[in-house]
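Subject: Structure handover, helix packing

Hello,

Please find the structure below, with the sequence. My notes on it come after.

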Amino acid sequence: MSKTVAVLGTGKIGEALLSGMIRAGWRPAHLLVTTRRPERATELHDRYGVEPATNADAAKRADTLILAVKPQDMGKLLDELGPHLTPDRLVISAAAGITTAFIEERLATGTPVVRVMPNTPVLVDEGMSVISAGSHALAAHLTHTEEIFGGVGKTLRVPESQQDAATALSGSGPAYFYFLVEAMTDAGILLGLPRAQAHDLIVQAAIGAAVMLRDSGEHPVKLREAVTSPAGTTISAIRELENHGVRAALIAAIEAARDRSRALASGNG
């Protein structure tokens, strides 16, 4: 659908998208990047062969603009883009907590906006990007967004009303797993294992469990029960997790993340 795509704010996530698009067959000549620092622009040009541009120039030339800036920088960026954007351009926001309505109000009437919440595993092509349409975005715009973000993992369409929940589960989700791996590694050290060995054991267990969840199609309860022998070691551990309220704590933590996402979206940062 689009001939030229501009990534505005090409940090880690923006560069991951850029790299994924090139691997998926996008020509560097059809990609623009904007950065705060000139040396970063030179680095991206040397690495990928893409053309650096100013935000205003990108707005004039690109058919699709991916706004990959920090949420607190979005207002200033939209003020800069607004005078140069026409409603035939697609604007994709990858900024947490920024609603499509916030963006639409600052651009020409009728501009299609798509909101995306990627998570950090896009850096290793295993991300999940949750996609929602703004009031003027059509099916073709969503499909085009999926083509872009599909190069760095999976995509899922949800109504925008579910974006805060998706942010709490998927956007913040990797951090919960890192927290668990950290705690389990500490437990391994407490039990007498060297840190490196404990880390390797837990990381491989996590990878193996994730692959089984993805590929087996089984419910996680069934997979857990397959490891849990009567009167065995695993059920003793599960009992302690339940006694300490780990399940309830996780639910409460994810609800807190959802509430924080809502606060950011409403401007109560």
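Predicted model: local features only at pLDDT ≥ 70, side-chain atom pairs only at ≥ 80, totals over all residues.

Residues are numbered from 1 along each chain as its sequence is written, and side-chain values use heavy atoms, with hydrogens and water left out.

Helices (H or I, at least four residues) and strands (E, at least two) are DSSP runs numbered from the N terminus. Axes are lines fitted to C-alpha atoms, for helices over the stretch in contact, and angles run from 0 to 180 degrees between N-to-C directions.

Helices α1 and α2

The axes of α1 (residues 12-23) and α2 (residues 38-48) lie 12 Å apart, at an angle of about 20°. The two are therefore roughly parallel (under 35 degrees; over 145 is roughly antiparallel, 65 to 115 roughly perpendicular, and the rest oblique). The crossing is right-handed, meaning that the near helix is turned clockwise from the far one by less than a right angle. In contact (heavy atoms within 4.5 Å) are E15, L18, S19 and I22 of α1 with R40, L44, R47 and Y48 of α2. By class, this contact has four nonpolar, one polar and three charged residues (nonpolar: Ala, Val, Leu, Ile, Met, Phe, Trp, Tyr, Cys and Pro; charged: Asp, Glu, Lys and Arg; polar: the others, Gly among them).

Helix α4

In α4 (residues 74-81), the residues M74, L77, L78 and L81 are buried (under 20% relative accessible area, with a 1.4 Å probe and protein chains only; exposed is over 50%, partly exposed in between). Seen down the axis, these buried residues fall within an arc of 100°, so they line one face of α4; the arc is that of the directions from the helix axis to the C-beta atoms. Their cover includes β1 (5-8), α3 (55-61), β4 (64-67), β5 (90-93) and α5 (100-104). Exposed K76 and D79 are on the face turned away from the buried side of α4.

The axes of α7 (residues 163-171) and α12 (residues 246-265) come within 8 Å and cross at roughly 130°, which makes α7 oblique to α12. This crossing is right-handed. Contacting residues are D164, A165, T167, A168 and L169 of α7 and I254, A257, R258, S261, R262 and A265 of α12.

With α8 (residues 173-190), α7 packs at about 35°, the axes being 5 Å apart. Here A168, L169, S170 and G171 of α7 meet G173, P174 and Y176 of α8. That contact has four nonpolar, three polar and no charged residues.

Regards
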